[in-house]
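Subject: Structure handover

Hello,

Here is the structure you are taking over. Please open it alongside this email.

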Amino acid sequence: MADTRKETHPLVSIVVVNWNGERFLGECLQSLKRQTWPNKEVIVVDNGSVDRSIEILRQWTYEDNVRIIWLKENTGFTRANNLAFQYARGEWIALLNNDAVAAADWLEKLIFRGDPEHRIGMLGGKILLADSPTRLDKAGHLIYRDGLNRGRGTGREDVGQYDNEEEIIWPDGCASVYHRQLIQDTGGFDEDFFAYGDDADLGMRARLLGWKGWYVPDAVVYHRHSATAGTYSPLKAMLVERNRLWLALKNFPPVILMQNPYWTLRRYVWQAYGAMRGRGSSGRFAEQHGRIRLLRTLGWAYMSALKGLIPILRKRRRIQQGKSLSNREIAALLKRFQIDVGELTLQE
């Protein structure tokens, strides 16, 4: 890959979506203030918070190049980001969760590797768990054949296995950078997703248009995983399952889409084993809420997916008509970045 270090410093718009994030928001914003990248602006969208994060944000209204957008209700991660995109002036748009803290050179390391001329327009670094910084949260993403996706290396000890720069299928929306043209080409996030899986859907749609993702291990972020919604909350579980189905319906080639029930049933067998043995996300969910609640949440997800089926199918038609990758190329991409069902379902 050619050296993409630039002599100029294009403007970067950093977007933070906040909802009742008083415990972590101040530290997050301070880490953005310390960024070594000199040309930046910060846009914070508050999703109708009712905690002390409102007071924290009011103090930041006096900072240069900081814009606060106040919303009356929680519109979700997707709509809040799309609203921020309308105000963003930067050539590059960075996303950082309100429960994440970025190393001072995070932006600098990422932006210097971006290369829109060669369609490298999605950038992500190494995300470590804030409470256990020797463990990985994510180093890019992997995807399963039914549309469910998971962070690469999630929960594993960081022993240098992801210390090389390389192509990834897409970065995690917790801490990522996108070129403005990519956002314009894709239309941003699908607001029907509300939260969870939305970054995968955006990344998949960008890949279908020929954009690529790039992983920069030296760009480090520390993340308190699921600090806002809770790691094993029923709402999160419902959104994850519903949105993976919508992702597949919108983006997958017909042959792989027809195989979807098989791959999903295979995953459910593994997750049932996890629920009985107390392993993986299904095991932890069952411990906290019970196995009956797990089944009810699954039904909730399918009912919600069914209600939105017609709009999703309309979106599929537009996406498939506009894609630049062939079905064979898409299938090869999914195979290249696929995750093993055991790792997907049983890895903590």
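Predicted model: local features only at pLDDT ≥ 70, side-chain atom pairs only at ≥ 80, totals over all residues.

Residues are numbered from 1 along each chain as its sequence is written, and side-chain values use heavy atoms, with hydrogens and water left out.

Confidence first. pLDDT is the predictor's confidence in each residue, from 0 to 100. The protein averages 94, and 97% of the residues score at least 70. Residues 1-6 stay under 50. For that stretch the model has 14 contacts (heavy atoms within 4.5 Å) beyond four places in sequence.

Next, the helices. Helices (H or I, at least four residues) and strands (E, at least two) are DSSP runs, numbered from the N terminus. Axes are lines fitted to C-alpha atoms, for helices over the stretch in contact, and angles run from 0 to 180 degrees between N-to-C directions.

H7 (residues 234-251) packs with H9 (residues 260-277) at about 155 degrees, with axes 12 Å apart. The two are therefore roughly antiparallel (an angle over 145 degrees) to each other. Glu-241, Arg-244, Leu-245 and Ala-248 in H7 meet Asn-260, Thr-264, Arg-267 and Tyr-268 in H9. By class, this contact of H7 with H9 has 3 nonpolar (Ala, Val, Leu, Ile, Met, Phe, Trp, Tyr, Cys, Pro), 3 charged (Asp, Glu, Lys, Arg) and 2 polar (the others, Gly among them) residues.

H9 also packs with H11 (residues 291-307), at about 155 degrees with axes 11 Å apart. H9 is therefore roughly antiparallel to H11. From H9, Thr-264, Tyr-268, Ala-275 and Met-276 meet Arg-291, Leu-294, Leu-298 and Tyr-302 in H11. The residues of this contact of H9 with H11 divide into 6 nonpolar, 1 polar and 1 charged.

Now burial. Buried means under 20% relative accessible area, exposed over 50%, partly exposed in between (1.4 Å probe, protein chains only). In H6 (residues 198-208), 11 of the 11 residues are buried, so H6 is largely enclosed by the rest of the structure. Among them are Asp-198, Arg-205 and Leu-208.

Last, backbone angles. Gly-210 follows H6 and has a positive phi, near 95 degrees. Tyr-196 is not a glycine, yet its phi is positive, near 75 degrees. Tyr-196 lies in the loop between H5 (180-186) and H6. It counts as partly exposed because its relative accessibility is 25%. Asn-65, also not a glycine, has a positive phi of about 60 degrees. Look for Asn-65 in the loop between H2 (53-60) and strand E3 (66-71).

Best wishes

Notes:
Parallel < 35°, antiparallel > 145°, perpendicular 65-115°, else oblique.
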